[in-house]
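These are my notes from going through one model.

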Amino acid sequence: MDLENLEPRKVLHYFKEIAAIPHGSGNIRKISDHIATFAKAHGLSYVQDEMGNVVICKPGQGCSEAAPVVMLQGHMDMVCEKEEDCDLDMETEGLRLVLTERKDLDYLMDRPGGLLKWQKEEDPILIAEGTTLGADDGIAVAMMMAVLESDTIVHPPLECVFTVDEEIGLLGAEGLDKTGLKSRMMINLDSEDEGHMLTGCAGGCTTRITLPVTREAGSDPEQKSYVISVSGLLGGHSGQEIDRGRANAIMLLGRYLDRLFDNDYQRCGLVLVKGGSKDNAIPRNAAAELLLSASEAERAGQLAAELEGIVRGEYGAQDPDIRVTFSEGTISEGAISEKTPSENGQLPMAPAATERVISLLRLLPDGLQKMSFDVPGLVETSLNIGILTTDAAAVTVRLMARSNVNSEKEDLVRRIWSIARVLGAEVEDEADYPAWEYCKVSKLREVFSECFQEQYHEPMIMEAIHAGVECGLFTTGMPGLDAVSIGPQLTDIHTPREAMDIPSVERTWKLVLKVLEELAEQV
């Protein structure tokens, strides 16, 4: 089965082209330049700003003179996650795309609900070998490129906006100069549930906590290095999956260390802690390196087995494959300090610093904080402890607070600041973006609803979500902008199990083209 022989061919052609270019968050220059070169090659007017955002304009095609200017919008960057045994360098290598069928992916077939109403067991499904697929939001980029290339698609005047670094705080959408944009309507293509139209989303704030640590030689020269590792977790998107009860590996690591030290911070040496890789992805792995005596090592191993049994019991239905393992050795980062009085070259944290690190991991809230009382089933406020790192001088935690109510997000962030400052940490908010609030009157929503009913023969589902999309920054910066967000069926985004349903892409593409045709006739 050849990807480029499937429909929609041009969309899938451009998706394959994008997948060959490394484009993780913070590594977007090549993909940005590629899109700018595409615009130039097709004789289209474009602007590429210093951040790497690209805006490509195309005159209306087969439209009325009164047709509104419409924005198509999506982000270029992807979340780069991979399996532990995957050797792909996502900074420098393209993705290894795999075309398969739904029935061949047990994790798609075995989940509650089975097939969605439009899906079939033999549906072609696109995944990436050992890594995230980047359909979030590469499929938006591919659709926009296909529209821009075509000389037969009927559409109103278009502003196609390709933003950068959405996955690390909507940075591109925030930094984009919107003063020159003329769009009156915006179709964001960054949703993952076919048949659903997003009409509002949560705001978010990414915070970095830097906790200084001091280090000193341990008192026991017979201590050896050991590693405690938490792995096998499902992880997932910190907005969309935050209410599914999945475990956070960093939080489980803190739980283990709390039990191991048991308020006696002299007994063991904590060298480093690490876990997670994205503030908007629930961490699947975490680990700590420790200096332990033989007797403490025996107790630590027993404790790891006990905790694994406990958390498997607690998370058995939601996260069944959690592993807590203990072994002799070091973490690959190597020596944490050039001062190496211990036999293995590691210098442990001082007891007071160890206490503060463990206290931080135990005191920070994580996960679902509040459900909405106004919208049934909507997560209103949450927090994800996403990244944990250690260097010679500090332990750093990066986390993301989300809320569909701006005042609740602000209050949660203030709580984080209070916890961190009590422990002597430095705190900085790195990205803060507003919620996208529901608009009662929307011509664009009306057109989408009518076109969807005609194509699918049933009503489109309208909903607000807890994940962040860029619409809030555009509607805030462009007052009166009428916005919706849609997309094809994607599964397990932000994880190596990310999958894209090809027939869903085709159906969504047809819907977008029909809506553009209807908008082209607006007077």
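**Cysteines**

I began with Cys451, which counts as buried at 4% relative accessibility; buried means under 20% relative accessible area, exposed over 50% and partly exposed in between, with a 1.4 Å probe and protein chains only. The model is predicted, so I note its terms: local features need pLDDT of at least 70, side-chain atom pairs count only at pLDDT 80 or more, and totals for chains, interfaces and linings use all residues. Residues are numbered from 1 along each chain as its sequence is written, and side-chain values use heavy atoms, with hydrogens and water left out.

I searched the whole structure for disulfides (pairs of cysteine sulfur atoms within 2.5 Å) and found zero. Cys451 is in no disulfide, and the nearest cysteine sulfur, in Cys63, is 16 Å away. Cys205 is buried, at 1% relative accessibility.

**Rings**

I took rings of Phe, Tyr and Trp (its six-membered ring) as a pair if their centres lie within 6.5 Å; planes under 30 degrees apart count as stacked, over 60 as edge-to-face and the rest as tilted. The count comes to six aromatic pairs. One of them is Tyr226 with Phe326, stacked at 5.2 Å centre to centre with 10° between the planes. This pair links distant parts of the chain, 100 residues apart: Tyr226 is in strand S10 (residues 224-231) and Phe326 in strand S15 (residues 323-328). For element names I used DSSP runs, numbered from the N terminus: helices are H or I of at least four residues, strands E of at least two. Tyr226 counts as buried at 10% relative accessibility.

Phe261 and Tyr265 form a stacked pair too, 5.9 Å centre to centre and 20° between the planes. Phe261 is buried at 0% relative accessibility, and Tyr265 is buried at 11%. I also noted one aromatic cluster made of Trp118, Phe452 and Tyr456.

Next I looked for charges over rings (NZ of Lys or CZ of Arg within 6 Å of the ring centre and within 35 degrees of the ring normal). The charged end of Lys117 sits over the ring of Trp118, 5.4 Å from its centre. Lys178 lies over the face of Phe474, 5.6 Å from the ring centre.

I used a 1 Å grid over the protein atoms alone: a cavity is a set of points where a 1.4 Å probe fits but cannot get out, a pocket is an open set with protein on both sides within 12 Å along at least five of seven lines, and lining residues have an atom within 4 Å of a point. Grid points are joined across faces, edges and corners, and a volume is the space filled by probe spheres set on the points.

The second largest pocket holds about 680 Å³. Its lining has 32 residues, with Lys274, Gly275, Gly276, Asn285 and Ala286 nearest the centre. Among the elements giving two or more residues to this lining are S10 and strand S17 (379-390).

I found four cavities of 30 Å³ or more. The largest cavity has about 160 Å³ of space. It is lined by 21 residues, and Glu166, Glu167, His237, Ala467 and Gly468 lie nearest its centre.
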